[in-house]
Number of protein chains: 2
Amino acid sequence: MSAPGRLRIVGLGPGGDAWITPEVSRLIANATDLVGYAPYLGRLPPKPGQTRHQTGNRVEMERARHALRLVEDGRRVVLVSSGDPGVFAMAAAVFEAIEEGEPGWRDIDVAVSPGISAMQAAAARIGAPLGHDFCAISLSDNRKPWSLVERRLAAAANADFVIALYNPASTARTGRIHDAFALLRGLKGASTPVVFARGVGREEEHIFVETLASADPGRADMSTLIIVGSSETRIVPRRSGTPFVYTPRGKAAR
Amino acid sequence: MSAPGRLRIVGLGPGGDAWITPEVSRLIANATDLVGYAPYLGRLPPKPGQTRHQTGNRVEMERARHALRLVEDGRRVVLVSSGDPGVFAMAAAVFEAIEEGEPGWRDIDVAVSPGISAMQAAAARIGAPLGHDFCAISLSDNRKPWSLVERRLAAAANADFVIALYNPASTARTGRIHDAFALLRGLKGASTPVVFARGVGREEEHIFVETLASADPGRADMSTLIIVGSSETRIVPRRSGTPFVYTPRGKAAR
């Protein structure tokens with residue numbers, strides 16, 4: 001019988017080594033096998049004796065099962081995500097594969113190691129727009145009806161949450177982001193701050209601030225994270241260029 | 001004229017050095033002054049030549065202004081938060097102090113360095129409960145009317161978000177968490193998974209899983225983060241004890 005394997009599901013943060021936690025670095029260093037979407041594995045330097053299993057972007061369940069089968073073979077497997085693996089990423093797919101899979105999979109040694117999620121990095125770059133109550137919503141309708149996305153957007157807008165929008169665009173769904181903005185414009189003030197954060201932490205990082213009225217949602221691409229403010233979110237202009245955007249800690253704070 | 005100072009607002013994560021990002025560690029190592037709530041500074045080893053400015057818990061604005069005045073004196077100041085400084089923490093207080101303060105403060109060199117927030121650490125320990133659309137709500141009514149908390153809880157429940165509850169209890173407000181659970185029980189299924197994560201990443205860490213019907217909200221203390229599932233959130237029992245809890249990536253996923 002081979003040594004017991006284990007699975008660690010880790011997040012590299014959205015970009016840049018400086019946001020990779022020491023826990024994640026240590027797990028990667030000690031792995032026999034790395035599994036992940038090719039561009040994420042590409043962020044890690046090759047290590048002799050360590051096997052890489054690169055997969056495409058749209059095969060999450062297959063990737064999860066592949067990782068679990070490697071663990072059954074006694075491997076120390078690290079499944080690599082961008083951002084936080086627990087936020088719109090691979091961790092949920094692994095637990096889904098475990099629940100649906102062989103009964104023995106439930107007792108595999110599996111754990112998640114958190115990472116900096118895109119919304120946190122985007123927020124940090126521009127100020128503190130997530131400083132008070134907020135929602136995170138994926139605009140992808142691959143796995144849920146668009147009507148549910150609309151219901152959640154409307155609820156978040158009506159209860160005056162700050163809203164972080166993940167997966168605002170893909171080649172398969174270019175219109176959804178426009179639908180989402182039309183809905184939000186009907187429910188929120190025209191001067192609501194909107195932050196577009198593209199490629200945060202990467203070389204192509206570009207962050208800009210608009211209002212709900214002025215924003216062109218067509219400028220969002222697959223690597224863009226959008227933050228739509230609450231009625232309390234403030235834009236603080238600066239002589240030096242990009243303003244600060246923050247959400248006060250409460251209604252009575254000012 | 002003294003050298004230009006700067007302010008960095010950093011998060012240590014909820015506990016444990018293994019979640020402190022290299023960026024945060026580097027900023028702390030290069031600081032002339034550390035400012036923060038005493039227990040957070042207590043997590044960092046003393047460094048010769050580095051000045052510490054410890055403050056109480058309820059003086060965020062005063063602490064923020066103190067940090068900004070140190071920067072005016074040319075100091076390299078790091079303001080230390082637990083978790084992520086951008087999520088229910090010090091970053092919003094600093095930008096509020098800047099907006100309200102002297103005009104020159106807007107052009108101070110200030111930046112935020114993100115950290116692992118309590119909800120991410122709690123989620124990682126138990127599986128992937130934040131795997132799909134979620135809200136984060138602070139139950140503190142120090143700075144907002146309780147009616148707004150109720151409105152947000154109801155909206156989040158009705159739109160079937162996963163809900164992370166910050167600041168569920170304090171000595172000043174022992175009843176609010178019971179009010180919140182009563183409201184959620186009226187709107188969500190009795191079998192909805194609820195995760196209580198106390199002291200995540202710290203020695204006293206204790207995480208347990210209940211349902212909305214079985215949960216005793218009185219077990220939440222000041223260091224507890226609560227995650228209330230959506231209708232899709234699953235509890236996966238394991239022979240080895242604590243179950244996994246996860247939220248599938250979409251309605252159609254199973």
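This report covers the pairing of chains A and B, a sheet in chain B, and selected helices and loop residues. The model is predicted.

**The two copies**

Chain B superposes on chain A by a rotation of 180° with 0.0 Å of shift along the axis, at an RMSD of 0.0 Å. The two copies are thus related as by a two-fold rotation axis. In chain B, the C-alpha nearest this axis belongs to B:Cys135 and lies 2.0 Å from it. Both copies use the same surface: 100% of the contact residues of chain B recur in chain A.

The interface brings 62 residues of chain B into contact with 62 residues of chain A. On the side of chain B, helix H4 (residues 90-100) gives the largest share, seven residues. By class, that side of chain B has 32 nonpolar, 13 polar and 17 charged residues.

Strand E7 (residues 134-138) of chain A and strand E7 (residues 134-138) of chain B run antiparallel, joined by three bridges. Within this pairing, A:Ala136 has B:Phe134 in E7(B) as its bridge partner.

Chain B holds an open sheet of three strands in the order E6-E13-E12, with mixed pairing. Which strands stand at the edges? They are E6 (127-128) and E12 (234-238) of chain B. Each has a single partner strand, so one side of each is left without a neighbour in the sheet.

E6(B) pairs with strand E13 (residues 241-246) of chain B in the parallel sense, over two bridges. B:Ala128 stands opposite B:Tyr246 in E13(B).

Helix H4 (residues 90-100) of chain A lies across E6, E12 and E13 of chain B. H4 of chain A runs at about 120° to E13(B).

**Helices of chain A**

Helix H5 (residues 118-126) of chain A is mostly covered, with eight of its nine residues buried. The buried residues include A:Met119, A:Gln120 and A:Ile126. Also buried are A:Ala118, A:Ala121, A:Ala122, A:Ala123 and A:Ala124. After H5(A) comes A:Gly127, with a positive phi near 140°.

Helix H6 (residues 146-158) and helix H7 (residues 176-187) of chain A pack at an angle of about 30°, their axes 10 Å apart. Their crossing is right-handed. H6(A) contributes A:Trp146, A:Glu150, A:Leu153, A:Ala154, A:Ala157 and A:Asn158 to the contact. From H7(A) come A:Arg176, A:Ala180, A:Leu183, A:Leu184 and A:Leu187. By class, the contact has eight nonpolar, one polar and two charged residues. An α-helix has 3.6 residues a turn, so residues three or four places apart point the same way.

**Asn167 in each chain**

A:Asn167 has a positive phi although it is not a glycine. B:Asn167 likewise has a positive phi in a residue other than glycine. The table sets out the values.

| Residue | Phi | Loop | Other C-beta atoms within 10 Å |
|---|---|---|---|
| A:Asn167 | about 50° | between E8 (162-166) and H7 of chain A | 19 atoms |

Why does A:Asn167 count as partly exposed? A residue is buried if 20 or more other C-beta atoms lie within 10 Å of its own, and exposed if 12 or fewer. A:Asn167 has 19, so it is partly exposed.

Note on methods: Residues numbered from 1 in each chain as written. Chains lettered and ligands numbered in written order. Predicted model: local features only at pLDDT ≥ 70, side-chain atom pairs only at ≥ 80, totals over all residues. Helix = DSSP H or I, 4+ residues; strand = E, 2+ residues; numbered from the N terminus. Axes fitted to C-alpha atoms, helices over the stretch in contact; angles between N-to-C directions. Left-handed = near helix turned anticlockwise from the far one by under 90°. Contact = placed C-beta atoms within 7 Å. Nonpolar A, V, L, I, M, F, W, Y, C, P; charged D, E, K, R; others polar. Least-squares fit on C-alpha atoms with pLDDT ≥ 70 in both. Pairing = 2+ DSSP bridges.
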